[in-house]
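Please open the structure in your viewer and keep the sequence panel beside it. This tour goes from the whole chain to single residues, and at each stop it tells you what to select and what you will find there.

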Amino acid sequence: MDCRVINKRRHTGLQQLSSFAETGRTFLGPVKSSKFIIDEERHESVLISSTVRLLESLDLTSAVGQLLSEAIQAQNNTYRTGTSTLLFLVGAWSSAAEECLHLGVPISLIVSVMSEGLNSCIEEVESLQVPVHSVYDHIDSTETFSGLSVSLYPSLQIPSGTGLVHKEHDLKDVASQSLAFCSLSGRLVKSPQLFRLQAKFEADENTSRTPQTLKNNLLADTHCRKSVLTHSRHFSRTDRHQWISKSGGFLEQLSAAAPKTYRCSDLAELEVGLSHGDPSSMRLVDEAVRLQHQNAGTQRGSRTVLFPFDISRIFTCCLPGLPDTLSCVCPGYITVVSMSSANLVKELQNQLVRVVLVEGDLTENYRHLGFNKPANIKTVSESVKVQQDSSEELWTDHVLRVLIKFNVNLVLARGNVSEHLAEKCTNSKRLVIGSVHDSVLQAFAEASGAAQVAYLTHVNENCVGSGVSVTMWRSVPSDAVDGISRTAVMLKTEGMNLVTVVLTSPVTAQMQTKEDRFWTCASRLYYALKEQKVFLGGGAVEILCLAHLQSLAGQSVNKGDQDSSGWLHNTSSWLASSAALYRPTVLKCLADGWHSYLSTLLRNTAVYSSDSEAATSIQCHLQNAADSGSPSSYILNEYSKLNSVILNSGISDKLEPIPRVYDVVTPKIEAWRRALDLVLLVLQTDSEIITGLAHTQKSSQEAEGFLFL
């Protein structure tokens with residue numbers, strides 16, 4: 001059991017945040033470690049592999065725990081990604097705020113400088129955004145995600161120093177076929193040919209080229225744009241290159257040749273970059289996207305319409321107890337029904353059935369939202385022998401007569417279904433399925449022509465849809481699905497753009513984790529396509545933030561209070577003078593949070609064996625970035641180097657391709673904002689609450705407690 005000493009004489013809220021965040025360190029990065037949460041009272045255990053499931057399993061009864069849980073849930077409900085980053089930064093910046101308090105920094109300055117520092121970082125990392133355009137133009141002809149050789153750890157870097165030297169003709173082959181990228185570890189790796197630039201080398205240039213010529217051409221092609229805030233005080237550095245503004249906030253380089261920019265225009269490249277060490281889940285997402293695109297093209301015919309990836313029309317069906325190899329993507333809607341309905345499904349699978357859609361519960365006592373029960377009406381029964389369930393029996397018979405009248409063989413309900421009604425419908429060759437999502441009902445309504453109704457007794461001919469096929473998903477053992485008698489059925493109709501991802505696992509405890517990881521990958525791809533931009537990943541934006549904050553802190557030390565008014569507006573002279581003194585300290589503490597994040601990220605890539613080794617690599621890059629005069633340009637150059645150095649053969653005898661890593665923009669930035677907002681909220685709340693006796697009236701032992709996790 002993890003525990004941490006809580007010093008009651010200090011800000012307990014910040015210490016609690018740090019303690020909670022410490023439990024989620026292993027969820028950061030591509031190599032995640034699962035945890036067992038053990039309930040000592042019930043003697044039960046739960047296997048969890050994500051931040052959301054971790055907080056659901058912990059006892060967060062304290063006010064700080066509730067605030068942390070709400071922040072994580074808000075991030076997950078909105079983006080379904082970024083929760084691990086949020087949790088880690090909450091802990092890192094809580095420790096940073098504690099350090100500032102220990103150094104005597106006023107709380108108002110901690111809040112102001114940290115907020116301005118994060119906003120400045122968000123502006124700075126705009127230079128690392130990569131535009132995403134036209135990824136669907138060649139979706140039918142490009143190589144699919146399934147055909148790619150994806151590394152399990154996409155940010156894993158190949159160590160250098162192996163003595164594997166290339167001859168001149170080998171260098172030409174490598175340079176012409178692939179690009180090399182340098183990770184945060186400073187080690188060069190080769191990217192596959194699939195990850196190409198939009199501005200390629202001309203095909204008719206068959207003359208031999210020297211490595212230096214290739215390098216110059218490649219840097220001109222891949223030198224990504226800087227932030228458009230060229231007149232900001234944070235961007236006063238001068239660069240060797242000239243830039244012109246482009247629409248959408250991107251810049252491109254001026255040169256003698258035509259201006260060229262780097263962009264991601266290949267769906268497979270984007271998916272590999274966003275998989276973050278989970279190729280199996282992203283492979284399913286890729287199949288779902290391509291199936292949606294195919295269905296949309298069939299519906300639109302020859303019309304040219306922009307295809308949007310609609311994540312609301314993708315659903316998951318979890319079938320624990322089956323082999324992993326059965327996981328697949330299918331058109332239509334797949335769900336689980338009881339084995340008692342299996343024979344009925346087999347009878348219906350050779351015909352097109354009529355369907356009714358119910359937007360509420362399919363029970364006798366269900367009333368729609370806003371229903372007002374008549375007042376001052378009392379029902380009196382003349383017979384004392386009337387049984388309690390007589391009203392439900394009458395309702396069931398009425399519903400069954402309606403279904404028979406309109407020849408309805410399939411009923412889909414959003415809410416719960418009466419067991420008595422379901423049994424009677426099964427006996428009369430009618431299938432009733434409950435707990436159907438709103439989007440599924442809407443998809444069936446659009447494709448079959450049905451209209452959703454609140455009560456089955458209100459059904460008329462205009463409400464009934466047609467042309468729905470009902471089939472068994474595949475033949476599986478009756479007790480294989482979660483050990484109980486259930487089977488999977490597939491419902492679909494022509495023209496319905498609905499996709500179901502079937503997730504299977506022989507280990508029931510891993511089923512929730514598998515579903516969470518699929519939705520995380522799907523959400524990353526969805527927001528990347530929606531925003532049409534991504535960040536360079538693998539810690540690139542975080543190390544730029546770290547370098548930027550260190551630069552700002554150094555400027556504050558050199559300039560004194562010259563520009564403190566730019567950070568704190570309308571403040572007193574005392575606060576302004578204090579800002580000049582404490583601003584470098586606060587910025588340094590904020591940067592320490594990024595440093596801790598990067599160190600943990602590198603450790604969780606299974607490359608570095610210790611924190612000191614990871615810290616050394618980070619410091620090396622920070623020094624190189626500072627010496628370059630432009631950290632953003634340095635990072636972009638590191639991503640565009642040629643693979644013309646000695647590689648380590650300790651991992652592989654071949655030059656293994658390791659793809660570029662991408663991050664989504666808005667979910668990442670919102671995770672940063674939520675983390676800092678939570679820390680500052682707890683900081684300011686703690687400062688206004690007086691708890692316990694004065695420390696002079698307590699012994700040192702009485703002033704300390706323990707927080708158990």
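**Before you select anything**

Please keep in mind that this is a predicted model, in which local features need pLDDT of at least 70 and side-chain atom pairs count only at pLDDT 80 or more, whereas totals for chains, interfaces and linings use all residues. Residues are numbered from 1 along each chain as its sequence is written, and side-chain values use heavy atoms, with hydrogens and water left out.

**The whole protein**

Show the chain as a cartoon, and you can look for 19 helices and 21 strands; these are DSSP runs, numbered from the N terminus, with at least four residues of H or I for a helix and at least two of E for a strand. Of the 709 residues, 50% are buried, where buried means under 20% relative accessible area, exposed means over 50%, and partly exposed lies in between, with a 1.4 Å probe and protein chains only. If you switch to a surface view, the protein exposes about 33,800 Å², of which carbon and sulfur atoms supply 48%; such areas come from the Shrake-Rupley method with a 1.4 Å probe, and for residues only the protein chains shown count as cover. Among contacts (heavy atoms within 4.5 Å) between residues at least 6 apart in sequence, 79% join residues at least 24 apart.

Select residues 35-39, strand β2, together with residues 44-48, strand β3: they run antiparallel and are joined by five bridges, and two strands are said to pair if DSSP finds at least two bridges between them.

**A strand with two partners**

Now select strand β13, residues 352-358, where five of the seven residues are buried. Which strand pairs with β13 in the antiparallel sense? It is β16, residues 465-472, over three bridges, and there Leu-352 has Ser-469 as its bridge partner. Strand β14, residues 410-413, runs parallel to β13 and is joined to it by four bridges, with Leu-357 partnered by Leu-412.

**Two nonpolar cores**

A nonpolar core is a set of buried Ala, Val, Leu, Ile, Met, Phe, Trp, Tyr and Cys residues joined through side-chain atoms within 4.5 Å. The largest one has 118 residues, and the members that touch the most others are Trp-93, Leu-270, Trp-594 and Trp-672. Helix α16, residues 573-603, gives this core its largest share, eleven residues. A second, separate core has 26 residues, including Val-337 and Leu-498. Then centre the view on Trp-672 and leave aside its neighbours within four places in sequence: among the residues in contact with Trp-672 are Leu-89, Trp-93, Ile-122, Cys-545 and Trp-594.

**Salt bridges**

The structure holds 16 salt bridges, each being a side-chain nitrogen of Lys or Arg within 4 Å of a carboxyl oxygen of Asp or Glu. Select Asp-516 and Arg-53, whose closest N and O atoms are 2.7 Å apart. This pair links distant parts of the chain, since Asp-516 is in helix α14 (residues 511-531) and Arg-53 in helix α2 (residues 51-57), 463 residues apart. Asp-516 is buried, with a relative accessible area of 17%, while Arg-53 counts as partly exposed at 22%.

Next, select Lys-429 and Glu-347, which form a salt bridge with their closest N and O atoms 3.3 Å apart. Lys-429 sits in the loop between α12 (419-427) and β15 (431-433), and Glu-347 in helix α10 (residues 342-348), 82 residues apart. Both count as partly exposed, Lys-429 at 41% relative accessibility and Glu-347 at 43%.

Finally, select Gln-684, which has its place in helix α19 (residues 666-687) and counts as partly exposed at 36% relative accessibility. How many residues separate Gln-684 from Val-111 in sequence? They are 573 residues apart, yet their C-alpha atoms are 8.4 Å apart in space. Leaving aside neighbours within four places in sequence, Gln-684 is in contact with Ile-107 and Val-111.
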